[in-house]
Amino acid sequence: MDLFLLALLLHDTGKARRTGEHAGQSVELADSFLARLDFDAEEREAILKLIRLHLEMSVAMRRDIFDLENVKASQRRSAAPQLLKMLTLMTFCPTSRP
């Protein structure tokens, strides 16, 4: 849960740079932040993956959510069921809208 909250907090930080695609910028900023806080590699990667994929999930949710291929593609991107659940929650948060 703590990793999810941290990803949620950091997922749109790249918008402040106004230099294009904010998810990539947010990943860079979060990676630097997490390195300074000495997070272990597994936790860091989980947070960065959530940030990296949050817009893709938003696009996937606009498609037919009952389409098996759409569901499988979303699952493949996130890999772990826990990450898929977190991505789904991020998608429904009002702050995660592009």
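Leaving aside neighbours within four places in sequence, glutamine 25 is in contact (heavy atoms within 4.5 Å) with Gly14, Arg17 and Thr19. This is a predicted model: local features need pLDDT of at least 70, side-chain atom pairs count only at pLDDT 80 or more, and totals for chains, interfaces and linings use all residues. Residues are numbered from 1 along each chain as its sequence is written, and side-chain values use heavy atoms, with hydrogens and water left out.

Where does glutamine 25 sit? Its place is in helix H2, residues 22-36. Helices (H or I, at least four residues) and strands (E, at least two) are DSSP runs, numbered from the N terminus.

Is glutamine 25 buried or exposed? Its relative accessibility is 16%, so glutamine 25 counts as buried. Buried means under 20% relative accessible area, exposed over 50%, and partly exposed in between (1.4 Å probe, protein chains only).

Now follow H2 from end to end. Its 15 residues reach 21 Å from first C-alpha to last. That is close to the expected 21 Å at 1.5 Å a residue, where the expected span is 1.5 Å times one less than the number of residues. Just after H2, aspartate 38 takes a positive phi of about 60°.

Step back to the protein chain. It has five helices and zero strands. Along the sequence, the pattern reads α-α-α-α-α. Buried residues make up 36% of its 98 residues.
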